[in-house]
Amino acid sequence: MKITLNQRVFSLLFVLTLFFQPIVGQELKPLTLEDYAQWNRITNTSISPDGLWMTYAYAPNEGDSRLHVRRIDGDTIRTSINGKRVSFSENSKWVAYLVDPAKAEADKLKASKKRVQSSLHLLSLNDNNIQEFKGTRSFSFSEATNYIGIHKNAVDPKAEHKGSDLLLKDLQGNRTLNIGNVSSYAFNKTGSLFAYTVDADEDSGNGLYVINLTDLRSWPLHTGAYTYAQMSWNKGGDKIAVLFGDKKDGNVERDNNIYWAEGLAAGMTNPASQNEYAIQKENYVISEYSPLRWNEANTQLFLGIKAQSEEVKKSDMLKANVDVWHWKDEVVQSRQMITANRDKRATHTAVLNLGNKRLIQIGTEDMSFARTNQHSNWAVASVDTAYRAVRNMPAGYADLYAVNTSTGDQSLIAERVYNNMGISPKGDYALYARNGATMLYNFETKATTNLSTRSDLNFQNLEFDRPVEKPTYGIAGWSADGKWVMLNHKYDIYAFSLNSNEVINLTQGIGQDQEIRFRLVQLDPDADRFDVSENLLLSAYGEKTKKSGYYQVKVGKKPKALRFEDKMIGRLNKAKSADRVIYTEQTFVDFPDYWVSDLTMKRPKKVTDANPQQSGYKWGKRVLVDYTDKRGHKLQATLALPADYEEGKKYPMVIYFYEKMSQRHHQYSMPTYDDRPHMSTYASNGYLVLMPDIIYTEGKPGTSALDDVTSAAQAVIDLGYADPDRIGLQGHSWGGYESSFIVTQTDMFACVVTGAPLTNLISMYNVAYKRSGNLNGPILEWSQGRMAVSPWDDMELYRSQSPIHHAQNINTPFMILHGTADGAVDWVQGLEYYSTARRLGKEVILLSYPDEPHHLSKEENQKDFQIRMKQYFDHYLKDAEAPLWMKEGVKHLDKKKIKPEMMGKEK
């Protein structure tokens, strides 16, 4: 029987239809907590200098990560469990990375109290050959030659000496030199020399050594029974410096000297010159806690000095354990406790002028902060002594001084500066902002120019709503020719001439006209200026549309869109020696996988696919919602629609908020273990999820949040999306404060879940932020609290904005999450609110997690809260049966007993 072509095609289609029918007809599943384990993040991304290779790791919520080494236009050639710290060689022929043991193996080692050590994998990209070096602590490729340094772990980690074996491996000739007792090492910039310091048992052979990488000959530059630290090459690679010293009995600090050598080069027999410097300042030492840094001209070394002190004998120590909190303390005791270890290592900035060996001290107890510059002999020091003890103003004010690092001469730049904007890259100007104006100080002429007077625009960020001096939008960059400084406006970028009054709108007003925020992007990590004769790269973000991407602009021409899409596009990374970039694109639906393209960003190619399993689950989508609050502000919110959304049907809704949230419109909703609702999960299970913007009126943080959250909710109701009787709130930290306040002011919501909430602004004002040790008062007055006054100036205002003082008005069931070890919002804040609501007969549950910080850190607790929060919302917003823990609570003696019925599960 003869079969025609049409019959063959029909038969083939019939078979394919049968084959694919189960896949096409497969019902998508709603996302649950049990599914989270398979979701991956992407880590350890890098692109080779030649742009041909890429690495990335898929790190799941549970289990070991897997590192991929891939030819971008080909296939993955190597995968590795738990690969990290990836680095390509400069010639793109090698890639190296550390590998940790699998989690199960690491757990066994920890249980037996054995060290968990990393191995180095060195992969040849030419032949896919791999070499493994066990027990590696660090590694480094030479930038210009075929060498790698592999530093091994110490055999005895408890030994007093810090040195361990180092392998210096020739990647081309396959020669390997094993060097013992190495404490630090570095190739010079040209890759011709390799330097290392030795720290051996009983100081035997300690010193600074240099190896000529041409023939592997070694020179001991400086040796002795000292400890060597902070070895530093200059940029040209022909000079090196190091600290050497020892600690005398009875002293706290090591007495260090500086050694430096000049004229180092391949084939040398000895350095052209060698020098040493011992500090002349009485009772001060050069400290090993600060790095040595060469200036550009190789005429100065930046360093840190520190006061010497005597060790306190045990017999002289106070037997009692007491902290004296004094009203004259410039820094409160709680803060001093947190910073004690840092303060022990604190140093004052100084500069050693190598020609005349003159040391210029810049930082002092009064000049507590100093910025130096490697391209000039100028530094800016901040003197804040006049403002430290002032309690009725925000911290951060200082008088700025110009310091000549060659002579030590000082001159006042400006008094009472709140926004110090730093030093120009060339080191010829200092910048600061004064009431929104950008001020330019010329070090040589000592003249100050108000750049803002050259334009009729206001460069101050007027939307900054905290009660302090409003900042400018900041410096966009400096031109490489030294003629221009670029300033950010809200949307556009303006170039101000440093030699005339000329001002150029670099982005031609496109930003203002289309409400696109442009910002300069520097792809070269070593560059600190922009070549304005070439095309400049701009990041772009649509304020109203939420589009994002990149533009290109040439001075004098209009910006040209390279890639500007209805997505969140970012993390742009360029290959060092090739016209190739990698970047991410994401939406609420699309995970931020990596894409590759050239700099035109045309025809991008997707490289990663971290979460293909998502295609089997119900998801959802987002829409933007415009609304106007009662104060007249026009705002936006992002609304996630349920996966099975039907137009005209009203859905239950969860509102999650903090401050401004609409910028997250295209942010992927990653299922992960934490203590907040995941929009993907709730949308997958039939919920709307709303994230509104909030802006604040000074002194009214609670009522501002109330206005904007209720206005946004009403807008969604009016649009026909939300069931007005089935809306819940969730906020954490500052969002916890806002949700705790809102529940006292309106019956609009069916239930509220509040995490780590501030509930009593008066008591909160008077305790410490445990994580930092600072008192909370300044945070509430001038930072996020935005109160602008203290309780003692306006007690009624604080009462009016404190949730606890309105608890009698609560008619809505609510649940509090709080960790007892919260270092940001004291656990007592949650307890106060629970205690007050309980006394008033309100429906309140406090989920208190012992020893947990501000955000839950233990996976089992994160999962537990995710389950309970979902059950809480399901009950009040979907009429689901409440589990017993919600109905009756859990007795302390029963809390460890796992009863399925307690958690709403079947037996």
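**Salt bridges and surroundings**

Reply: Let's begin with one arginine. Arg 726 is partly exposed, at 24% relative accessibility. Keep in mind that this is a predicted model.

Me: Which residue does Arg 726 meet in a salt bridge?

Reply: Asp 723. The N to O distance is 3.3 Å.

Me: And is Asp 723 buried or exposed?

Reply: Buried. Its relative accessible area is 17%, and the cut-off for buried is under 20%.

Me: How many salt bridges are there by this rule?

Reply: The count is 38.

Me: Give me a couple more. What does Arg 388 pair with?

Reply: Asp 384. Their side chains form a salt bridge at 2.7 Å, N to O. Arg 388 is partly exposed, with 22% relative accessibility.

Me: What about Asp 343 and its salt bridge?

Reply: The partner is Arg 342. The closest N and O atoms are 3.7 Å apart.

Me: Which residues are linked in a network of salt bridges?

Reply: Glu 90, Glu 143, Lys 189 and Lys 576.

Me: Change of topic. Where does Asn 206 lie?

Reply: In a loop. Strand E13 (193-198) is on one side and strand E14 (207-212) on the other.

Me: Buried or exposed, that Asn 206?

Reply: Buried. Asn 206 has a relative accessible area of 1%.

Me: What does the side chain of Asn 206 reach?

Reply: The backbone nitrogen of Ala 200, at 2.8 Å. The Asn 206 side chain also makes a polar contact of 3.0 Å with the side chain of Asp 203.

Me: Which residues is Asn 206 in contact with, leaving aside neighbours within four places in sequence?

Reply: Val 198, Asp 199 and Ala 200 are among them. So are His 222, Thr 223 and Gly 224, and the list also includes Tyr 226 and Tyr 228.

Me: On to helix H7. How many residues does H7 have, and how far does it reach?

Reply: H7 covers residues 701-718, which is 18 residues. From first C-alpha to last, H7 reaches 26 Å. The expected value at 1.5 Å a residue is 26 Å, and the model is close to that.

Me: How many of the residues in H7 are buried?

Reply: 15 of the 18, so H7 is mostly covered.

Me: What comes just after H7?

Reply: Gly 720, with a positive phi of about 90°.

Me: Zoom out. How many helices and strands are in the chain?

Reply: 14 helices and 52 strands.

Me: What radius of gyration does the chain have?

Reply: 31 Å. A compact globule of 907 residues would have a value near 29 Å, so the chain agrees with that. Along its principal axes, the C-alpha trace spans about 100 × 85 × 70 Å.

Me: What share of the residues is buried?

Reply: 52% of the 907 residues.

Me: Last one. Among contacts between residues at least 6 apart in sequence, what share joins residues at least 24 apart?

Reply: 53%.

Conventions
Residues numbered from 1 in each chain as written. Predicted model: local features only at pLDDT ≥ 70, side-chain atom pairs only at ≥ 80, totals over all residues. Heavy atoms only, no water. Helix = DSSP H or I, 4+ residues; strand = E, 2+ residues; numbered from the N terminus. Expected span 1.5 Å × (residues − 1). Buried < 20%, exposed > 50% of the residue type's maximum accessible area, 1.4 Å probe, protein only. Polar contact = N/O pair within 3.5 Å; in protein donor to acceptor, adjacent residues only side chain to side chain. Contact = heavy atoms within 4.5 Å. Salt bridge = Lys/Arg side-chain N within 4 Å of Asp/Glu carboxyl O. Rg over C-alpha atoms; globule rule 2.2 N^0.38 Å.
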